[in-house]
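Dear colleague,

Please find below the structure that I am handing over to you, followed by an account of what was found in it.

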Amino acid sequence: MIAQLRGVDASGAGLSDRISRQLESAIAVGLLNDGDKLPPENVLAEQLGVSSITLRQSLAEMRLKGLVETRRGRGGGSFISGKALATPEQLLSEFRRRSPEDLRDLGDLAATVAAGVGRRAALRADEQDLRRSRELADRFARASTAEELRRTDSRFHISLGVAAQSRRLTNATIQVHSELAALMWIAGPSAGSVKTASEEHDAILDAIERRDEEAADRLSAAHFERESETLLDFFLELATTTPEEA
Amino acid sequence: MSPEQLSRIIRTTAELIGTRLDAVFDDLNSLLPDIVRIAEDAPDRRPAKADFEPLRPQLQAIIARHEGLVDGAGIAFGQDVLRDAASWLEWWRVGHGGEPEFAAHVFNPDSIRYYDYSAMSWFQLPTTSGHSLAMGPYIDSGGTDLNIVTLAVPFQTAEGSPSALGADICLPVLASIFLKSVASRDRAVVLLNDGGRVVTSNTARHSTGTLLSAADTSALAALFEDYVPVPSAVPGRIPWHVGILKVG
């Protein structure tokens, strides 16, 4: 699961900071969970594509924030700690540190991957694949908290990668959502926004079910284009109307 | 290549696939008596996770014995079979160095990596029907994270829902066995599962995962010029066909 986090831009200054943010996002969306044991440092560094020194800095930062705890002795190692759930305030402050270009870029990746996933799912999904995705789409539609929405949304889109019969596209979807999900619904989920997303999910599933690859491709891309536009609008709204926190 | 030669090739290929998979099924079946005995001997006939640790060498031996064809093997416990876990996979996989490694899974429903095997076809179909089954290929997200086929043998213990013994089949190795046997690209030859999904083939147009058509008799006749079922010592256990696609 750690390997799927890779894809973070591993260059430039503040690399250790970016690695810890990436791990924090993974915790926030449920990719990493309370009590999960992290791989040994040398293995984790290799999986994330950074040096051991950089990783050690990240882990130290996360230990300070109480997100990682290290136990000694047999069965010891670094563990995701119980205090790991990011608060809405933390997520919002993370969000404000983004840039418009960065958000647009993430939206582009999400839309591009989803379009490919939708197209291939329309060609390859069988009844069982569809049933599973419909079930997850229903769970999303019934979700009420932001946290539940993030998880069910991610799981729904990952299930489409599975339906597309593609291991790499599934991994790419997980990677996109490990970053995107932490940004979603931070404005507080409104009934309207959940309904729109849910209707789009259903339309994508309908296109997949009638094996309409063009429509599945187009609707999947449009779904993420709309969501990332909403995100970017919210970012710009914050950046132009409220003063930066100290 | 003459139709007779082609016909012979699909028959020997189907037999070879059947023989190799049956050998894995035999290994799984040979473990059943030990599993049932452990469950019976446990207090209140509800064993704990650790009670099955003595079977680890046998599970690891299944992985080692089939020349790379088996990528992992283990026991998927039904709901409430164990007294110390609602769900549990005692599963072993080929590790990076070739040594068997314990396969850890996420059973936390809040995780997006939650491995809800009870909802997955490879577990659900055999435990519901009570019959062994070769299931796949499918993307095992949260499990192996690979595109795999799973052979599953269901069993019932005194307490709890039905469980399954399983072996993950490595698709690249299965494809290699298939391609060496077909050893020709004159015509498109496909190994097709009962859902009409291509397991492997000798043609890029119909590669692994492609959905052709459901494998009832009339659909198969419409699809293939010539086809044979993959034979198995237990009929229905490997619901696959090898066929030569019609041209066009």
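Glu135(A) and Arg139(A) form a salt bridge, with their closest N and O atoms 2.9 Å apart. The term salt bridge stands for a side-chain nitrogen of Lys or Arg within 4 Å of a carboxyl oxygen of Asp or Glu. Because the two residues are 4 residues apart in helix α6 (residues 127-142) of chain A, about one helical turn separates Glu135(A) from Arg139(A). Helices (H or I, at least four residues) and strands (E, at least two) are DSSP runs, numbered from the N terminus. Glu135(A) counts as partly exposed, at 33% relative accessibility, and Arg139(A) is likewise partly exposed, with a relative accessible area of 27%. Here, buried means under 20% relative accessible area, exposed means over 50%, and partly exposed lies in between (1.4 Å probe, protein chains only).

Salt bridges that share partners also join Arg119(A), Glu213(A), Glu214(A) and Asp217(A) into one network.

Before going further, please note the conventions. The model is a predicted one, in which local features need pLDDT of at least 70 and side-chain atom pairs count only at pLDDT 80 or more, while totals for chains, interfaces and linings use all residues. Residues are numbered from 1 along each chain as its sequence is written, chains are lettered from A and ligands numbered from 1 in the order in which they are written, and side-chain values use heavy atoms, with hydrogens and water left out.

Further salt bridges

Over all chains, a search of the whole structure finds 31 salt bridges.

A patch of negative charge

Which residues gather in a patch of negative charge on the surface? They are Glu225(A), Glu229(A), Asp233(A) and Glu237(A). Patches are made of residues with over 30% relative accessible area and no salt bridge; like charges are joined within 9 Å, and nonpolar side chains (Val, Leu, Ile, Met, Phe, Trp, Tyr) within 5 Å. In this count Lys and Arg are positive and Asp and Glu negative, while His and the chain ends are not counted. The place of a charge is taken as NZ of Lys, CZ of Arg, CG of Asp or CD of Glu. Accessible areas come from the Shrake-Rupley method with a 1.4 Å probe, and for residues only the protein chains shown count as cover. Asp233(A) is found in helix α10 (residues 213-241) of chain A and counts as partly exposed, at 45% relative accessibility.

The fold and hairpin of chain A

Chain A has 10 helices and 2 strands, and from the N terminus on its elements run α-α-α-β-β-α-α-α-α-α-α-α. Of the 246 residues in chain A, 50% are buried. Strand β1 (residues 68-71) and strand β2 (residues 77-80) of chain A pair in the antiparallel sense over 4 bridges; two strands pair if DSSP finds at least two bridges between them. Glu69(A) stands opposite Phe79(A) in β2(A). The two strands β1(A) and β2(A) form a hairpin with 5 residues between them, and Gly73(A) in the turn has a positive phi of about 85 degrees.

Backbone details

Gln165(A) has a phi near 60 degrees, a positive value in a residue other than glycine. Gln165(A) lies in the loop between α7 (146-163) and α8 (167-180) of chain A and is buried, with a relative accessible area of 6%. In chain B, Asp80(B) has a positive phi of about 65 degrees although it is not a glycine. Asp80(B) is placed in the loop between β1 (70-77) and β2 (88-94) of chain B and counts as partly exposed, at 40% relative accessibility. Finally, a cis peptide bond, with omega about 5 degrees, joins Gly136(B) and Pro137(B); Pro137(B) is in strand β4 (residues 133-139) of chain B.

Yours sincerely
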